Amino acid sequence: MENTSTGLYAALLERTAETFNQAYFIYHLGNHQVLYLNLAFSRIFGISREDTLLDASQLLQQVHPDDHDFLLEQYHKLLAKGSQKGIEVRLTLPGEDLKWVCLSATVLEEAGERFLCGYAEDVTLRKEYQNNILKFNSKKNSTLEILSHDLAAPFQNIQGMMDMLETELEAASPATVELMEYIKENAKKGSDMIRDFVDNEFLESSQVVLHKERVNLTQRLAIMMDNYQHLGGALLEKNFVAQLPSEPVYVYLDVMKFMQAINNLVSNAIKFTIDTGTITTTLEDRDDTVLIKISDDGIGIPKDLQPILFDKFTKARREGLHGEKSVGLGMSIIKNIVELHKGKIWFESQEGQGSTFFVEVPKT
């Protein structure tokens with residue numbers, strides 16, 4: 001009776017795993033042999049259970065070439081730590097679109113022998129959903145920054161024209177003077193509201209615990225700069241240049257927060273770069289780190305403000321060339337986000353010649 005029940009439970013577990021599209025496996029570490037695969041395995045990995053049981057090395061042929069080294073690294077970590085979860089790799093299956101699978105496994109000992117046991121699940125739809133969110137978020141950030149600069153300029157012009165009118169109308173009636181002051185005050189409020197909205201968006205997004213994942217940083221920076229090149233080139237009359245590697249560069253990041261920090265560095269460059277100026281984003285792939293550079297040929301940072309630039313509520317805050325306001329928090333938040341990624345940020349600047357900000361973070 002007990003054997004019958006055990007067989008029934010095993011069959012139910014098999015059907016449950018099949019229903020939720022989870023591929024379970026058992027691998028003998030001593031013999032380097034796959035001992036067990038459930039029915040869902042073939043559908044996820046595009047290779048028959050029988051072939052894999054005979055030769056497990058065939059699985060590597062399904063893995064995207066860019067993920068081979070990463071998978072090997074995670075395998076060694078798994079053996080050292082005893083368990084590993086959330087390992088995401090891509091599969092290139094003949095006749096199918098790119099597929100994402102998430103692996104979780106643990107090392108178990110039984111009768112003096114070691115086994116690698118775990119499961120894999122198809123997370124392609126979730127990854128595509130996340131990717132779309134990131135694309136729209138990047139476009140949203142770029143659009144907000146562009147609009148904040150573009151819309152602030154008319155309000156600044158209104159304030160300037162009202163100052164000129166006040167000079168011309170020295171003998172104006174008290175009611176006229178009061179009306180002009182009202183127009184000036186509301187123009188300033190409009191400009192401040194736009195900047196406050198963008199600043200609050202950045203503040204709220206930075207106050208959440210990091211959720212890191214393996215990210216193609218080349219792709220993320222390309223999307224960001226593409227948004228600026230298409231939207232900002234016409235509205236802001238500035239040139240946006242991306243100098244990125246031709247190959248993917250993978251880094252572990254909280255991509256939403258990290259890219260918002262980089263986006264804010266570009267935004268600051270926009271503030272202090274004249275129309276027709278150039279803003280350049282560069283990515284360098286180093287051995288264990290990546291280096292991002294945001295350069296501009298703007299007005300630069302005065303020497304007396306440079307030592308306190310990253311201070312919270314810093315006195316180094318300045319209005320942008322079109323009157324964009326600053327609360328003095330942006331640079332301190334950017335620094336905090338970079339340091340949460342175990343990275344560092346610094347800059348070089350000369351008045352009248354522009355600034356370059358450097359962000360270096362470890363890949364893993």
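## A parallel pair of strands

In strand E9, threonine 278 is the bridge partner of asparagine 239. The structure is a predicted model. Strand E7 and strand E9, the latter spanning residues 278-285, pair in the parallel sense over five bridges.

E7 and E9 belong to an open sheet of five strands, ordered E7-E9-E10-E12-E11, in which the pairing is mixed. Strand E7 (239-243) and strand E11 stand at the edges; each has a single partner strand, so one side of each is left without a neighbour in the sheet. Neighbouring strands of this sheet are turned by 10° against each other on average, direction ignored.

## The hairpin of E11 and E12

At one end of the order, strand E11 (residues 344-350) and strand E12 (residues 354-362) run antiparallel and are joined by seven bridges. Lysine 344 stands opposite glutamate 360 in E12. Three residues lie between the two strands of this hairpin, where glycine 352 takes a positive phi near 85°.

Which residues of E11 form its covered face, and which its uncovered one? Ile345, Phe347 and Ser349 make up the covered face, whereas Lys344, Trp346, Glu348 and Gln350 make up the uncovered one. In a regular strand, side chains alternate between the two faces of the sheet.

## Helices across the mixed sheet

Helix H9 (residues 255-271) lies across E7, E9, strand E10 (289-296), E11 and E12, and runs at about 25° to E10. Helix H10 lies across E11 and E12, running at about 140° to E11.

H10 covers residues 330-340, and its buried residues are Met331, Ser332, Ile333, Ile334, Ile337 and Val338. Just after H10, lysine 342 takes a positive phi of about 60°.

## The antiparallel sheet

Another open sheet is formed by five strands in the order E2-E1-E5-E4-E3, with antiparallel pairing. Its edge strands are E2 and E3, each of which pairs on one side only. Neighbouring strands here are turned by 25° against each other on average, direction ignored.

Within this sheet, E4 and strand E5 (residues 113-122) pair in the antiparallel sense over ten bridges. Alanine 105 stands opposite glycine 118 in E5. Helix H5 packs on the sheet, touching E1, E3, E4 and E5, and its direction makes about 165° with that of E3.

## Two loops with positive phi

Histidine 32 is found in the loop between E1 and E2. Although not a glycine, histidine 32 has a positive phi of about 55°. Is histidine 32 buried or exposed? With a relative accessible area of 54%, histidine 32 is exposed, because exposed means over 50%.

Alanine 111 lies in the loop between E4 and E5. Alanine 111 is likewise not a glycine and has a positive phi of about 55°. Its relative accessible area is 74%, so alanine 111 counts as exposed.

## The largest pocket

About 750 Å³ of space lies in the largest pocket. Its lining consists of 24 residues, of which Leu59, Leu60, Leu71, Tyr75 and Leu116 lie nearest the centre. By type, the lining divides into 21 nonpolar residues, three polar and no charged.

Which elements supply the lining? Strands E1 (22-28), E2 (33-37), E3 (83-91) and E4 (99-110) each supply at least two residues, as do helices H2 (40-45), H4 (58-62) and H5 (68-81). H5 gives the most, with six residues.

## Asparagine 216

Asparagine 216 is found in strand E6 (residues 213-216). Asparagine 216 counts as buried because its relative accessibility is 17% and the cut-off for burial is under 20%.

Leaving aside residues up to four places away in sequence, asparagine 216 touches Pro248, Val249 and Tyr250. Asparagine 216 and glutamate 247 are 31 residues apart in sequence and 9.5 Å apart in space, C-alpha to C-alpha.

## The protein as a whole

The protein has ten helices and twelve strands. Of its 364 residues, buried ones make up 45%. Among contacts with a separation of 6 or more, 62% are accounted for by residues 24 or more positions apart.

How values were computed. Residues are numbered from 1 along each chain as its sequence is written. This is a predicted model: local features need pLDDT of at least 70, side-chain atom pairs count only at pLDDT 80 or more; totals for chains, interfaces and linings use all residues. Side-chain values use heavy atoms; hydrogens and water are left out. On a 1 Å grid over the protein atoms alone, a cavity is a set of points where a 1.4 Å probe fits but cannot get out, and a pocket is an open set with protein on both sides within 12 Å along at least five of seven lines; lining residues have an atom within 4 Å of a point. Grid points are joined across faces, edges and corners, and a volume is the space filled by probe spheres set on the points. Helices (H or I, at least four residues) and strands (E, at least two) are DSSP runs, numbered from the N terminus. Ala, Val, Leu, Ile, Met, Phe, Trp, Tyr, Cys and Pro count as nonpolar, Asp, Glu, Lys and Arg as charged, and the others, Gly among them, as polar. Two strands pair if DSSP finds at least two bridges between them. Axes are lines fitted to C-alpha atoms, for helices over the stretch in contact, and angles run from 0 to 180 degrees between N-to-C directions. Contact means heavy atoms within 4.5 Å. Buried means under 20% relative accessible area, exposed over 50%, partly exposed in between (1.4 Å probe, protein chains only).
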